[in-house]
Amino acid sequence: MPELPEVETIRRSLLPLLTGKKIEAVEVYLEKAVKPSPGKLRDGLPGREIVEIERRGKYLTLQLDDGQRVTFHLRMAGRLVFMPVSAPLEKHTTLSITFTDGNSLRFVDPRKFGTVVYHAPSEPPVGLRKLGPEPLTTPKAEVLARWQTAAARRKGPVKGLLLDQEVLAGLGNIYADETLFLAGVRPERPANAISAREWEKIYESMITVLNDSIGHRGTSQRDYVDGLGEKGYHQVYLQVYGRKREPCRKCGTELVYTRVAGRGTHYCPHCQQ
DNA sequence: GTCTCCCTGTTC
DNA sequence: GAACAGGGAGAC
């Protein structure tokens, strides 16, 4: 499931492949995933060049030379992969953008949750418009202030706050669990009961976890691959996520699996208090 | 603010 | 053969 490190890895892998490429055609195979309509993409994209690729949270945006954008959200299982036009069409392909040089960008999404939006810069999709700031480039003091302000008016679990994309963009289930493990904080603790000292620890842990994962080209626990179809290897370094009932790597205690904020949640009952 | 639904491959 | 995985939009 692509979260910030995976989407950033996809962005970096696609950037040299797509920059300057001229679009020849657009094939849409799952109409309802494409907004405002497949026809608008088929009319607007051919002839345009890709000038830049931007990531915000888990959204990836292609910028075109006429200023228009194509914004993807891969949700749980989406893959965005560069390949020759001649490559066989994979099952569950949502859309293919073909380029004049014989290559194409395929959006393959078995769960059919992913979305593609063609839009002007002034009219981003609703989720992107409401998105909180970027974890890795926003000053620490600002992130801490944002968390603590949000925490003050909610008594739900701290993990739910970390997953809230309007508070801060980019963390999903894997990195919320990993961040809280490294911080030594239990995911179900009420957000308004976390001390300033603990918020600081959570911040430092989040930065470490995200940077480590980007360094490892993301976590390929299940479907995730980069823009060239290559897996990441951060799954090797996961401390708690996906390790239900296995021993904690720090203390050996059996890890707990439970449900917090509506998500499957992993933690160490000894290391996290 | 909280709940439901969207989907299908994988796991139990 | 059922339960589960899960981000976010939209409904309550």
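This is a predicted model: local features need pLDDT of at least 70, side-chain atom pairs count only at pLDDT 80 or more; totals for chains, interfaces and linings use all residues.
For sorting residues by class, Ala, Val, Leu, Ile, Met, Phe, Trp, Tyr, Cys and Pro count as nonpolar, Asp, Glu, Lys and Arg count as charged, and the others, Gly among them, count as polar. I start there since the next count needs it. By those classes, the surface near DNA strand C has 7 nonpolar, 6 polar and 5 charged residues.

How many residues surround DNA strand C, and which are the closest? There are 18 around DNA strand C, and the closest are Arg111, Gln165, Tyr257, Arg259 and Arg263. Of the atoms of DNA strand C that come within 4 Å of the protein, sugar and phosphate account for 64%. Three elements each supply at least two residues of this surface: α3, residues 126-129, β10, residues 256-260, and β11.

Now some individual contacts to phosphate. An N or O atom in the side chain of His73 is 2.8 Å from a phosphate oxygen of DNA strand C. With Gly127, a polar backbone atom is 3.3 Å from a phosphate oxygen of DNA strand C. Gly264 also uses its backbone, with an N or O atom 3.4 Å from a phosphate oxygen of DNA strand C.

Next, the other strand. Around DNA strand B we find Lys32, Lys91, His92, Pro110, Arg111, Lys112 and Phe113. By class, those residues divide into 2 nonpolar, 1 polar and 4 charged. Of the atoms of DNA strand B within 4 Å of the protein, 62% belong to sugar or phosphate, and the rest belong to bases.

For Arg111, a polar side-chain atom lies 3.0 Å from a base oxygen of DNA strand B. For Lys112, a polar side-chain atom lies 2.7 Å from a phosphate oxygen of DNA strand B. Arg111 was also listed among the closest residues to DNA strand C.

Leaving the DNA, I turn to the helices.

Gly160 has a relative accessible area of 16%, and buried means under 20%, so Gly160 counts as buried. Leaving out residues up to four places away in sequence, Gly160 touches Arg154 and Ala261. Its C-alpha atom is 40 Å from that of Ile23, a residue 137 places away along the chain.

The last topic is salt bridges. The structure holds 18 of them. Glu8 takes part in a salt bridge with Arg11, where the closest N and O atoms are 3.0 Å apart. These two residues are 3 apart in helix α1, so about one helical turn separates them. Both Glu8 and Arg11 are buried.

Glu8 also forms a salt bridge with Arg55, with closest N and O atoms 2.8 Å apart. Why does this pair tie together parts that are 47 residues apart in sequence? The reason is that Glu8 lies in helix α1, while Arg55 lies in strand β3, residues 50-56. Glu8 is buried at a relative accessible area of 7%, and Arg55 is buried at 13%.

Another salt bridge joins the side chains of Arg48 and Asp66, at 3.9 Å from N to O. Arg48 sits in the loop between α2 and β3, Asp66 sits in the loop between β4 and β5, and the two are 18 residues apart. Arg48 is partly exposed, with a relative accessible area of 25%. Asp66 also counts as partly exposed, at 40%.

Finally, salt bridges that share partners join Glu8, Arg11, Arg12, Arg55, Arg56 and Glu134 into one network. That is where I stop.

Note on methods: Residues are numbered from 1 along each chain as its sequence is written. Chains are lettered from A and ligands numbered from 1 in the order in which they are written. Side-chain values use heavy atoms; hydrogens and water are left out. A residue is near a molecule or strand if one of its heavy atoms lies within 4 Å of it. A polar contact is a pair of N or O atoms within 3.5 Å; within protein, one must be able to donate a hydrogen and the other to accept it, and residues adjacent in sequence count only if both atoms are side-chain atoms. Buried means under 20% relative accessible area, exposed over 50%, partly exposed in between (1.4 Å probe, protein chains only). Contact means heavy atoms within 4.5 Å. A salt bridge is a side-chain nitrogen of Lys or Arg within 4 Å of a carboxyl oxygen of Asp or Glu. Helices (H or I, at least four residues) and strands (E, at least two) are DSSP runs, numbered from the N terminus.
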